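This report goes through the metal sites and the ligand pocket of one protein model, and then turns to one residue away from these topics. The sequence and the structure come first.

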Amino acid sequence: YKARAMDLAVYRYSSDLEPPAMAQVQMLRDLRTALSENQFVLHYQPKFSLRTGLPVAAEALVRWQHPQEGLISPAQFVPLLERCGLIGNLTRYVLDAAIQEGASWYRAGLPLSVAVNLSARNLLDEDLPRFVLDTLARHGLPADRLICEITETAVFSRSLTASTILDALRTAGVGLSLDDFCTGYSSLSLLRERTIDEIKIDRSFVSDLGTGRRSTEIVTALIDLAHRCDIIVTAEGIETKEQQRLLTDLQCDYAQGFLLAKPMPAALARQLFLDSLRVPGGLGPLRWRGGV
Ligand code: C2E
Ligand code: MG
Ligand code: MG
Ligand code: MG
């Protein structure tokens, strides 16, 4: 971190690494300030229907707008906030800002959901559903326009609290999405034990498509499996036309990736969405929540 120039060189240029231990002490101090002074900003990465080509949702991805260091990626500070019991504060900030943004799309007549990433630790926080529902009501966003992305490990902690929280969210109409699907050890048991609305096939499988490993077979079977369970499939991390073509052929529902759109500031995302309203023929039907 800033003061530890030697350590800094190690991680500063590899934005997906956490800083070394010494630097984390300083970082934690700065993070406390960041939380109280709201130094966080959300970028939005659109998610598109592969069938219609139109945006159906956008995922809120947090960045830390550090006064000296500039934008810092979540991979660098989310794990630290989790370990220090501060992730609930960040999650509440993210939920509030993302729901507010989602409500502005809603008022503009855009048929889009907004997705927020939850941490495993958030699923031990009994007050979370109340906070989510209050925030939806305060900003005027219908619950079925919000998607909570969770990872397998978080859901499968088998804690009673996690189940209660997920049940409460889902009963209220919030969509549940399993992020980084197939990178944990419990993917299939999870599909059996919980009702979820969407799986997001991890980028590692998408980038392997067509390379001769078995990813194509696995992804084909996953899409079929999900559809048989009435679950929507999103592919993460599409970077090539070839991946897009393959996934479209395999009837994957939705896609996200740098090829289609990178995460972008809220104002840019809103402009992209408003422009998409003007696509000839209008918007295709939304398939979220078994729509069509
Ligand atoms: P994730 O939820 O799986 O988000 C996808 C990540 O992949 C994002 O990185 C996104 O920018 C990146 N990505 C999207 N398309 C492509 C692509 O085509 N190629 C490549 N190489 N990458 C792509 P980002 O924004 O750095 O976020 C990383 C992770 O940090 C997220 O993974 C999520 O687990 C976590 N995260 C982000 N925002 C939040 C948040 O508000 N709360 C919590 N708890 N975690 C968050
Ligand atoms: Mg996600
Ligand atoms: Mg993911
Ligand atoms: Mg991922």
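This is a predicted model: local features need pLDDT of at least 70, side-chain atom pairs count only at pLDDT 80 or more; totals for chains, interfaces and linings use all residues.

## The site of ligand 3

The protein donors of the magnesium ion (ligand 3) are Asp179 (OD), Asp180 (OD), Glu236 (OE) and Glu236 (OE), and they are found 1.8 to 2.7 Å from the ion. Along the chain, the donors of this magnesium ion (ligand 3) follow the spacing D-D-x55-E. Aspartate 180 belongs to strand S6 (residues 175-181), whereas glutamate 236 is in the loop between strand S8 (232-235) and helix H11 (241-249), so this pair ties together parts of the chain that are 56 residues apart in sequence.

How accessible are aspartate 180 and glutamate 236? Aspartate 180 has a relative accessibility of 27% and therefore counts as partly exposed, while glutamate 236, with a relative accessible area of 12%, is buried.

## The site of ligand 2

Which residues coordinate the magnesium ion (ligand 2)? Its donors are Glu59 (OE), Asn117 (OD1), Glu149 (OE) and Asp179 (OD), at 2.0 to 2.2 Å, and in sequence the donor residues of the magnesium ion (ligand 2) are spaced E-x57-N-x31-E-x29-D. Asparagine 117 lies in strand S4 (residues 113-117) and glutamate 149 in strand S5 (residues 146-151), so the two residues tie together parts that are 32 residues apart in sequence.

As to accessibility, asparagine 117 is partly exposed, with a relative accessible area of 28%, whereas glutamate 149, at 2% relative accessibility, counts as buried.

Ligand 1 is surrounded by 19 residues, of which the closest are Arg63, Asn117, Asp179, Glu239 and Phe258.

For a nitrogen atom of ligand 1, the distance to an N or O atom in the side chain of glutamine 45 is 3.1 Å, and a nitrogen atom of the ligand is 3.0 Å from an N or O atom in the side chain of serine 119. An oxygen atom of ligand 1, in turn, is 3.2 Å from an N or O atom in the side chain of glutamate 236, a residue that also supplies donors to the magnesium ion (ligand 3). On its own, ligand 1 has 800 Å² of accessible area, and the protein covers 82% of it. The space that ligand 1 takes up is the largest pocket. The elements that give two or more residues to the shell around ligand 1 are strand S2 (55-66) and S6, and S2 gives the most, with 4 residues.

## Tryptophan 64 in strand S2

Strand S2 also holds tryptophan 64, which counts as buried at 0% relative accessibility. The side chain of tryptophan 64 makes a polar contact of 3.0 Å with the side chain of glutamine 39. Between tryptophan 64 and leucine 176 there are 26 Å in space, C-alpha to C-alpha, and the two residues are 112 residues apart in sequence.

Notes. Residues are numbered from 1 along each chain as its sequence is written. Chains are lettered from A and ligands numbered from 1 in the order in which they are written. Side-chain values use heavy atoms; hydrogens and water are left out. Donors are N, O and S atoms within 2.8 Å of the metal (3.2 Å for Na, K and Ca); water is not among the atoms, so sites may look incomplete. Buried means under 20% relative accessible area, exposed over 50%, partly exposed in between (1.4 Å probe, protein chains only). A residue is near a molecule or strand if one of its heavy atoms lies within 4 Å of it. A polar contact is a pair of N or O atoms within 3.5 Å; within protein, one must be able to donate a hydrogen and the other to accept it, and residues adjacent in sequence count only if both atoms are side-chain atoms. Accessible areas come from the Shrake-Rupley method with a 1.4 Å probe; for residues, only the protein chains shown count as cover. On a 1 Å grid over the protein atoms alone, a cavity is a set of points where a 1.4 Å probe fits but cannot get out, and a pocket is an open set with protein on both sides within 12 Å along at least five of seven lines; lining residues have an atom within 4 Å of a point. A molecule sits in a cavity or pocket if more than half of its atoms lie within 2 Å of its grid points.
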